[in-house]
Amino acid sequence: MTEEPAAPSTAEPAPEAEKVRDAFAGLQATYNDGCTTPGNCEYFLGRVLDELNSLDKAMETDPQGPGHFKEPLAWIVELRAELGDDSSFENLKKHQDLLTGTRDKINTWMQGHPEDYR
């Protein structure tokens, strides 16, 4: 008795998580922007938060495991605790130094771990 091959799956493959290097590149791109351009601050702060969230997800799902990214992930947790659930421009502006400071600390950490973004 021969078995028939299984029918090909029609299910879409699960989307692959963004790689740390790609998420980090997005975060680095925020260095070309800022709140100094009139009317741009709301976009800039929202983008920094979005890029940090993307990097957080990438680090959590990286094959090396979240333990490899212990410090950057802890800084993002601290940021989220301070921001709470409020991602309004007013709250982001109030915490602008914390947002950009978290970005800067992670950038410095990543520069010391080039194997994670090359």
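Visitor: Which residues have the most contacts inside the largest nonpolar core?
Guide: Good place to begin! This is a predicted model, and in it V20, L52, L55, M59, L99, I106 and M110 have the most contacts inside the largest nonpolar core. That core has 25 residues.

Visitor: Which helices each supply at least two residues of this core?
Guide: Those are α1 (20-28), α2 (41-61), α3 and α5. The largest share comes from α2, with nine residues.

Visitor: Can we zoom in on I106? What is I106 in contact with, leaving aside its neighbours within four places in sequence?
Guide: I106 is in contact with L27, L52, L55, P72, W75 and I76. L52 and L55 also belong to the group with the most contacts inside the core, as does I106.

Visitor: Let's step back. How many helices and strands are there in the chain?
Guide: The chain has five helices and zero strands. Read from the N terminus, the order of elements is α-α-α-α-α.

Visitor: And how do α1 and α2 sit against each other, roughly parallel or roughly antiparallel?
Guide: Their axes cross at roughly 165 degrees and come within 9 Å. That angle is over 145 degrees, so α1 is roughly antiparallel to α2. The crossing is left-handed.

Visitor: Which residues make that contact?
Guide: From α1 you have V20, A23, F24, G26 and L27. On the α2 side they are R47, V48, E51, L52, S54, L55, A58 and M59. Sorted by class, the contact has nine nonpolar, two polar and two charged residues.

Visitor: What about α3 and α5, at what angle do they pack?
Guide: Helix α3 (residues 70-83) and helix α5 (residues 96-111) pack at about 175 degrees, and their axes are 10 Å apart. That angle makes α3 roughly antiparallel to α5.

Visitor: Who's touching whom there?
Guide: E71, P72, W75, I76, E78, L79 and E82 of α3 meet L98, L99, T102, K105, I106 and W109 of α5. This contact has eight nonpolar, one polar and four charged residues.

Visitor: Last one, for the whole chain: what percentage of the residues count as buried?
Guide: Of the 118 residues, 36% count as buried. Also, among contacts between residues at least 6 apart in sequence, 67% join residues at least 24 apart.

Definitions and conventions. Residues are numbered from 1 along each chain as its sequence is written. This is a predicted model: local features need pLDDT of at least 70, side-chain atom pairs count only at pLDDT 80 or more; totals for chains, interfaces and linings use all residues. Side-chain values use heavy atoms; hydrogens and water are left out. Axes are lines fitted to C-alpha atoms, for helices over the stretch in contact, and angles run from 0 to 180 degrees between N-to-C directions. Helices (H or I, at least four residues) and strands (E, at least two) are DSSP runs, numbered from the N terminus. Angles under 35 degrees count as roughly parallel, over 145 as roughly antiparallel, 65 to 115 as roughly perpendicular and the rest as oblique. Contact means heavy atoms within 4.5 Å. Ala, Val, Leu, Ile, Met, Phe, Trp, Tyr, Cys and Pro count as nonpolar, Asp, Glu, Lys and Arg as charged, and the others, Gly among them, as polar. A nonpolar core is a set of buried Ala, Val, Leu, Ile, Met, Phe, Trp, Tyr and Cys residues joined through side-chain atoms within 4.5 Å. Buried means under 20% relative accessible area, exposed over 50%, partly exposed in between (1.4 Å probe, protein chains only). A crossing is left-handed if the near helix is turned anticlockwise from the far one by less than a right angle, and right-handed if clockwise.
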